Amino acid sequence: MGAVMGTFSSLQTKQRRPSKDKIEDELEMTTVCHRPEGLEQLEAQTNFTKRELQVLYRGFKNECPSGVVNEETFKHIYAQFFPHGDASMYAHYLFNAFDTAQNGSVKFEDFVMALSILLRGTVHEKLRWTFNLYDINKDGYINKEEMMDIVKAIYDMMGKYTYPVLKEDAPRQHVEVFFQKMDKNKDGVVTLDEFIESCQEDDNIMRSLQLFENVM
C-alpha cells in the first residue's frame, strides 16, 4: 500500500487549481477510451471528497491516457518502486486483486474503490481486501500454497538489498507460523472468518500484515 499511498500523497500536494479547470477536466474525460462514472456517484461510494477524486483522476489519466490500466503497467510501476528486487509476481497478484471484474484491465473506478479501502477503510474492510489478494484462485479460501506464493512474491520484490540477513527459507517459515494460527479447524484452508478472527486477535499477525500493506 506504500506505493499507492505515495502516489496519493504526491497528488494531494499539488496546488489547488482554479474552479474553471473543472470544465477542462470534464472535457478531457471525453477523450479517453473509458470514461469514469460521475464524481458524485464515486464520492458516495468511496471515502474520498469530490476534490480528491478530481486530483486522483487527473493523476490516473496522466499515467493512463486510455482510461484503463493493464497488468504490464502495474509491473512497470512496481519495478520502479523496488529496483533491487523482482516485483513482477507481486504486481501480477496485486493487479488481480484490483481487477475485480477479472477482465484484464483496471478502470479508474476499480482503482479508486480499492484505494478508498486501503487508505481509509475499516480494519474489517482492509482485512477482507487482503484476504481477496491472498485468495489467488478466488474460490473463497486461502490454502498454504497460495499464502506461500504471495509471501514469496513479497520477499522477492523486497530484494536482498532490503533484507540482507534473511535466510532462503524465511518465506516458508513465515507462512508456516501464519497458517498454523489461522487454520483454526485444521482443515487445510483458511476461510474469510478465520482470517479476520486470527488477524484481529493476534498482534504479531497484525504487525506482519501491516508490513505487507506497505507494499500495496
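**Helix crossing, nonpolar core and annotated spans**

The axes of helix H5 (residues 71–81) and helix H6 (residues 88–98) come within 9 Å and cross at roughly 130°. The model is predicted.

**The H5–H6 pair**

- The crossing of these two helices, H5 and H6, is right-handed.
- On the H5 side, the residues that meet H6 are Glu 71, Phe 74, Lys 75 and Tyr 78.
- On the H6 side, the residues that meet H5 are Ser 88, Tyr 90, Ala 91, His 92, Leu 94, Phe 95 and Phe 98.

**The largest nonpolar core**

- The largest nonpolar core has 54 residues, of which Phe 98, Leu 133 and Met 147 touch the most other members.
- Helix H9 (residues 144–158) gives the most to this core, contributing 9 residues.
- Leaving aside residues up to four places away in sequence, Phe 98 touches Phe 74, Val 106, Asp 110, Phe 111, Ala 114, Leu 118 and Trp 129.
- In soluble globular proteins, nonpolar side chains tend to be buried together.

**Annotated spans**

- An unreviewed UniProt entry carries the annotation "domain: EF-hand" for residues 86–121, 122–157 and 170–205.
- Residues 86–121 are 67% helix and 6% strand, and the end C-alpha atoms of this span lie 29 Å apart.
- Residues 122–157 are 72% helix and 6% strand, with end C-alpha atoms 27 Å apart.

Key:
Residues are numbered from 1 along each chain as its sequence is written. This is a predicted model: local features need pLDDT of at least 70, side-chain atom pairs count only at pLDDT 80 or more; totals for chains, interfaces and linings use all residues. Side-chain values use heavy atoms; hydrogens and water are left out. UniProt positions are given in the numbering used here, feature names are shortened, and annotations may be inferred rather than shown by experiment. Helices (H or I, at least four residues) and strands (E, at least two) are DSSP runs, numbered from the N terminus. A nonpolar core is a set of buried Ala, Val, Leu, Ile, Met, Phe, Trp, Tyr and Cys residues joined through side-chain atoms within 4.5 Å. Buried means under 20% relative accessible area, exposed over 50%, partly exposed in between (1.4 Å probe, protein chains only). Contact means heavy atoms within 4.5 Å. Axes are lines fitted to C-alpha atoms, for helices over the stretch in contact, and angles run from 0 to 180 degrees between N-to-C directions. A crossing is left-handed if the near helix is turned anticlockwise from the far one by less than a right angle, and right-handed if clockwise.
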